[in-house]
Amino acid sequence: MSPNSSGIIKGEEQKNQGGGINIGAGFGVTGPDISNIVKAKNFGATVKRLIKYLKPQYPMIIVMILLAMIGAWFAIWVPDIMKKVTNALVDSLQFFTNIRPSTDPTNPGNNQLYSYIAPVLLTSGSLYVLNSLFQFMSALIAGITSQKLVCRMRHDVKNKLDKVPLSYFDTTPSGEVLSRFTIDIEMISATIQESINQIITGSMTVVGVTFMMLRIDWLLSIVTLASLPILLLVSSIIVKRSQREFAKQQNRIGELNGFIEEMYSGHQVVKLYNREDESNKIYVKINKELKKATRKAQFLSGIILPSIKFVNNLVYVGICVGGGFRAGSGMITIGDIQALLSYTRQFAQPIENISNIANTIQSSMAAAERVFEVFDLEEMTEEGTTPLVPSECIGEVVFENIAFSYTEDKPLIRDLSLFVNAGEQVAIVGPTGAGKTTLVNLLMRFYELNSGRILIDGVDIRSFSRNDLRDLYGMVLQDTWLFHGTIAENIAYGKPNATRDEIIEAAKKAYAHSFIMLMEDGYDTVLKEGASNISAGQKQLLTIARAILKDPKIIILDEATSSVDTRTEKYVQSAMLNMMEGKTSFVIAHRLSTIRQAAKILVMNDGDIVEIGCHDELMEKEGFYCELYNCQFAGEKDDLFSLEDVGKPGFTQS
Ligand SMILES: Nc1ncnc2c1ncn2[C@@H]1O[C@H](COP(=O)(O)OP(=O)(O)OP(=O)(O)O)[C@@H](O)[C@H]1O
Ligand SMILES: [Mg+2]
């Protein structure tokens with residue numbers, strides 16, 4: 001019954017996951033305030049909602065509760081039966097000095113006694129067996145029920161998160177999203193699995209035992225009943241204190257984990273700046289604090305059981321003495337005393353758990369509340385039905401007076417209009433934060449416009465189903481995203497049924513083939529978590545191969561070649577030029593050399609298109625673009641190449 005297993009600690013863990021520990025710059029250690037137990041904001045409403053959510057599991061839960069109740073009743077019954085044995089033995093002692101069974105057939109003696117107590121003992125034994133059996137079945141059903149619930153809840157959370165707008169993920173730390181799936185749901189399931197059973201068995205025991213004791217002797221029952229408030233008080237005081245200490249301990253562990261993670265992931269930086277001594281000092285400090293917190297927590301949780309036992313033992317003695325007097329005056333039998341003593345022991349058991357259960361339930365209701373919060377998130381607007389055949393789409397794109405902002409108070413794009421012919425290549429340039437990525441995000445409908453429309457082939461993108469819309473695009477983004485799987489699987493992500501030949505073809509076009517062949521297992525090389533076994537440039541080449549393989553109608557390249565060397569960049573550009581042939585494309589590039597050939601160059605600044613035209617026109621204009629261009633090319637003109645070189649003799653893949 002260590003509070004370690006109680007939900008509150010997990011709640012704190014969860015808090016840490018979401019918020020992270022603030023051991024920031026300068027290695028200042030500032031742990032979050034941990035004095036509060038995570039509680040549901042609206043306990044009653046959450047309980048109601050959870051009960052409603054459990055509806056599909058009602059039959060199982062009812063069976064589980066019935067089994068637990070009946071099982072508990074068997075255990076309550078036994079002392080009442082056993083007292084008959086004691087009474088019979090005591091009675092027989094008045095007639096026989098030797099109560100061993102007689103072997104003399106002529107003198108049956110106390111064999112009568114044995115024929116009386118044997119079935120009683122057998123009944124008691126059977127009741128205990130039944131008690132275990134019912135508890136076992138109840139636990140089994142509890143396990144099945146809670147796992148069914150977990151599965152359904154995870155499914156529902158996943159479904160819901162698929163429907164919420166992307167902006168939710170911008171504002172919610174990924175750790176928090178993750179903990180909805182893991183810690184929160186687990187906590188709810190643990191409550192269903194353990195707490196319900198304990199509550200049912202516990203309350204059944206308290207009520208049943210009270211009833212049985214009152215039946216035997218009301219006066220002595222009162223002695224036991226009087227201990228109830230004392231037991232509750234003692235255990236709740238200690239549990240509360242120990243939980244505070246456990247929360248502290250948990251926070252120190254979180255702090256230590258955060259610190260270690262930060263120190264070792266930033267290993268080189270720590271060494272580079274010679275900060276090893278400082279970080280060592282902080283480490284020692286946190287470690288010491290953890291030791292202190294753990295010691296206190298363990299001590300407090302360790303004394304709960306002895307304290308309850310102590311109070312219970314006092315009652316035990318009280319019953320013995322009081323029972324002796326009552327039996328002496330013939331008001332109760334010896335068997336009654338024995339039954340009362342058994343009941344006194346049984347009575348204390350549920351009390352030992354009650355404080356913990358209360359906190360577990362508090363915490364899991366808080367967890368349920370967080371899960372329900374996800375269920376209540378506003379969903380993306382309805383899907384369209386795609387009024388045209390996506391495969392026949394030619395890719396004419398129109399932005400019609402669009403306005404957009406990520407946050408209400410900070411307008412980004414105020415009024416932007418643009419017409420892009422089918423098959424046209426549009427380059428988007430502009431300083432960092434100008435809104436280039438935002439523009440393509442809007443095109444893919446990752447975010448909803450505040451006003452205006454975006455049309456593809458004259459159809460509002462809101463009329464498309466999201467799947468059809470996104471099928472039109474192939475994109476290579478600033479942040480490469482590769483998953484844990486083979487290189488071939490990663491390339492085929494946009495076209496899962498692609499053949500190996502197609503995959504190799506695409507990789508060749510993306511100039512990724514040669515490096516893939518150098519890897520141990522070629523196309524079957526498994527990329528590690530975060531693709532840490534290949535370089536940033538290689539990652540980009542793979543995402544380019546992925547886009548080439550998908551062969552989309554509209555291509556979006558956001559700084560697609562930012563991590564490759566100039567030689568590879570040249571190759572890749574030639575590949576991309578091939579890929580873009582006849583397709584509408586949006587190319588975002590910081591290196592202006594790479595987009596000189598584009599039919600249309602949009603120059604963006606502060607969410608607006610400030611200039612538009614081809615390279616020569618913009619240079620002639622001597623405006624913002626000209627300034628950016630000259631700025632970038634000053635002093636480095638000779639190092640750069642132009643796309644006109646691509647495809648000329650001497651320009652081959654190595
Ligand atoms: N998810 C987001 N939530 C809130 N604000 C955002 C979000 N993404 C971008 N912004 C803000 O919107 C503005 C435009 O960002 P955007 O990513 O479009 O710039 P960019 O032109 O692509 O810049 P870069 O050249 O650095 O990639 C920036 O001021 C940025 O801080
Ligand atoms: Mg960007």
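**Entry 1: α3 and α6**

I looked up how α3 passes α6, and the crossing is right-handed. The model is a predicted one. Two packed helices are described by the angle between their axes and the distance between the axes. I therefore looked up both values for this pair. Helix α3 covers residues 58-93 and helix α6 covers residues 174-216. Their axes lie 9 Å apart, at an angle of about 35°.

Next I listed the residues that meet. From α3 I noted Ile65, Ala68, Met69, Ala72, Trp73, Ile76 and Asp80. On the α6 side I wrote down Asn197, Ile200, Thr201, Met204, Thr205, Gly208, Val209 and Met212. Sorted by class, the residues of this contact are 10 nonpolar, 4 polar and 1 charged.

**Entry 2: α16 and α17**

I turned to helix α16 (residues 536-550) and helix α17 (residues 566-580). At what angle do their axes cross? I found roughly 10°, and the axes come within 11 Å. Angles under 35 degrees count as roughly parallel, so α16 is roughly parallel to α17.

In α16 the contact is made by Gly537, Leu541, Ile544 and Ile548. In α17 it is made by Thr568, Val572, Ala575, Met576 and Met579. I noted 7 nonpolar and 2 polar residues in this contact, and no charged ones.

**Entry 3: α14**

Which residues of helix α14 (residues 500-509) are buried? I noted Ile503, Ile504, Ala506, Ala507 and Lys509. I then checked what covers these buried residues of α14, and the cover includes α13 (487-491), α15 (513-518), α16 and α17. After α14 comes tyrosine 511, and I recorded its phi as positive, near 60°.

**Entry 4: ligand 1**

How many residues surround ligand 1? I found 13, and the closest are Tyr406, Thr432, Lys436, Thr437 and Thr438. Helix α11 (residues 436-443) gives the most to this shell, with 3 residues. I also looked up the classes in the shell around ligand 1: 3 residues are nonpolar, 8 are polar and 2 are charged.

**Entry 5: the whole chain**

Last, I looked up values for the protein chain. I noted 19 helices and 12 strands. The chain has 654 residues, and buried residues make up 35% of them. I then looked up contacts between residues at least 6 apart in sequence. Of these contacts, 80% join residues at least 24 apart.

Technical notes. Residues numbered from 1 in each chain as written. Chains lettered and ligands numbered in written order. Predicted model: local features only at pLDDT ≥ 70, side-chain atom pairs only at ≥ 80, totals over all residues. Near = placed C-beta within 6 Å. Helix = DSSP H or I, 4+ residues; strand = E, 2+ residues; numbered from the N terminus. Nonpolar A, V, L, I, M, F, W, Y, C, P; charged D, E, K, R; others polar. Axes fitted to C-alpha atoms, helices over the stretch in contact; angles between N-to-C directions. Parallel < 35°, antiparallel > 145°, perpendicular 65-115°, else oblique. Contact = placed C-beta atoms within 7 Å. Buried ≥ 20, exposed ≤ 12 C-beta atoms within 10 Å, placed from the backbone. Left-handed = near helix turned anticlockwise from the far one by under 90°.
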